[in-house]
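Please look over the sequence and the model below. The report that follows walks through a few local features, one at a time.

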Amino acid sequence: MKILYALHQFYPEYQAGTEKFIYNIATMAQLNANKVKVVTYRLGEFSHNEKKSDGVSYEEYFYKSLPILAFKYDQQAFDINFATENPVGLSFAREILQREKPNLLHIGHLMRVFPFAQAALELEIPYILTLTDFFTICPLNTLSPATGSLCNGPNGGEACARYCSKFTSQFIKERLESTKRVLSGAKEIFVPSTFVANMIESEMNGIKVTVNNHGIRQSTIQPNYKTYDDHDSLKFASISTLISHKGTHLAIQAFETLKTEHAELDIFGVGEKSYTDWLKSLARKSKVSFKGAFMAENLAKVLNDIDVLIVPSLVYETYSFVVHEALSAEIPVIVSDLGGMTEKVLHGENSYKFPAGNVDALRDIMQKILDKPSDLNRIKSNIRKSTLIPNIEQEYYVYQKAYKQIEKQA
């Protein structure tokens, strides 16, 4: 079977959750004797090997074992990150799909590659969707009209008109009609959490989705078997892109007010310079360390060096790979109580939750852990015994069933 995967951006330039998901699934499909190729948008520059096609430049190469086709518009529109319709993109998508002749198109994120779904619909090429964020119902992707605010969906555009001045209600209504056409044409739609399923189905009447949790690549995980007594020092950590809605500043602000000298905080990640500079200005204690980014193959080493992971996001997370990777490594997490990343977290049993944005509540949890580190032994034991995190083989099995069903119907 020939499968074309499409998404808005990809390795090595970008290494967030959707990129990891597509890499995992495409690699698994390849290992299961399918012919695969990844189509992605390139925001940066090409090498000297680009090709041209009527308003589009593209380049083909390999990332590890995966063949990649990266494209970009010669005249990049201002709405590249939220638009659905693009005549130049649609013409290019038709050209590529007719050339590649895939049996199936699997789209992992519709941003920038939306025309590929439209072209597949026109050409009667079956496609499935995995919705890794809220792009189909929110042009901002995050359901966050402004910093520090959240909404429950566009409500047909009415909520956007009230809370989000960036877009007109007419634009939102037309955009929702466009995305619903693409959703309706999909053979199957998958989402990584029950939270996302509820949000999509409540907004898109008649659209049904299937929950399939993202799987963890177990070869990159090693269980952290560390045990604790009540005199131990602890290392907290945050691992994320350094942008304001990820809430890394909350971790630093909470840490700065802890009543102990027996704790460290490591900040992993890179991002916006102004936000990173502000984070560094908040970190007055010498035991806050900025570690930068790390390669995916070093994840096990990073996780084995920390005791508690903090994920203080200020927007709905659809799943959060890093939360589930930490739990898979038997490392307790402290997460803001938002979205799909909390679905495996039982507060005080296998990890901790706090109200999003509440730095005092976060500090209180951190202080409680520091006052009695030995309680982490109970938490880690509960993770080990009762927290089931799927691996990528289990995740792929669900997709493989969908692929085979589509192949039978062809």
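## Cavities and local features

The lining of the second largest cavity divides into seven nonpolar, two polar and two charged residues. Here Ala, Val, Leu, Ile, Met, Phe, Trp, Tyr, Cys and Pro count as nonpolar, Asp, Glu, Lys and Arg as charged, and the others, Gly among them, as polar. The model is predicted: local features need pLDDT of at least 70, side-chain atom pairs count only at pLDDT 80 or more, and totals for chains, interfaces and linings use all residues. Residues are numbered from 1 along each chain as its sequence is written, and side-chain values use heavy atoms, with hydrogens and water left out.

**The cavities.** A cavity is a set of points, on a 1 Å grid over the protein atoms alone, where a 1.4 Å probe fits but cannot get out; lining residues have an atom within 4 Å of a point. Grid points are joined across faces, edges and corners, and a volume is the space filled by probe spheres set on the points. There are three cavities of 30 Å³ or more. Two of them are set out here.

| Cavity | Volume | Lining by class |
|---|---|---|
| Largest | about 120 Å³ | 14 nonpolar, two polar, no charged residues |

The largest cavity is lined by 16 residues. C138, P145, C151, C160 and C164 lie nearest its centre. α4 gives the most to this lining, with three residues. Helices (H or I, at least four residues) and strands (E, at least two) are DSSP runs, numbered from the N terminus. α4 spans 158–163.

The lining of the second largest cavity includes Q9, F10, Y11, E13 and Y14. T40, Y41, R42, L43, Y61 and A70 line the second largest cavity too.

**A cis bond.** Y11 also takes part in a cis peptide bond, which runs to P12 with omega near -5 degrees. P12 sits in the loop between β1 (2–7) and α1 (17–31).

Is α3 largely enclosed or open? Seven of its ten residues are buried, so α3 is largely enclosed by the rest of the structure. Buried means under 20% relative accessible area, exposed over 50%, and partly exposed in between (1.4 Å probe, protein chains only). The buried residues are F114, P115, F116, A117, Q118, A119 and A120. They pack against β2 (35–41), β5 (66–73), α2 (87–100), β6 (104–107), β7 and α5 (169–185).

Just after α3 comes E124, with a positive phi of about 60 degrees. E124 lies in the loop between α3 (114–123) and β7 (127–130). E124 is exposed, at 73% relative accessible area.

**Another positive phi.** L143 is not a glycine, yet its phi is positive, at about 55 degrees. L143 lies in the loop between β7 and α4. L143 counts as buried, at 1% relative accessibility.

**A buried asparagine.** N350 is found in the loop between β14 (333–336) and β15 (352–354). N350 counts as buried, at 3% relative accessibility. Which partners does the N350 side chain reach? One is the backbone nitrogen of L346, at 2.7 Å. Another is the side chain of T387, in a polar contact of 2.9 Å. A polar contact is a pair of N or O atoms within 3.5 Å; within protein, one must be able to donate a hydrogen and the other to accept it, and residues adjacent in sequence count only if both atoms are side-chain atoms.

Not counting residues up to four places away in sequence, N350 touches L327, K344, V345, I379, N382, I383 and T387. Contact means heavy atoms within 4.5 Å.

Definitions and conventions
1 Å grid on protein atoms, 1.4 Å probe; cavity = no way out; pocket = protein on both sides within 12 Å on 5 of 7 lines; lining within 4 Å.
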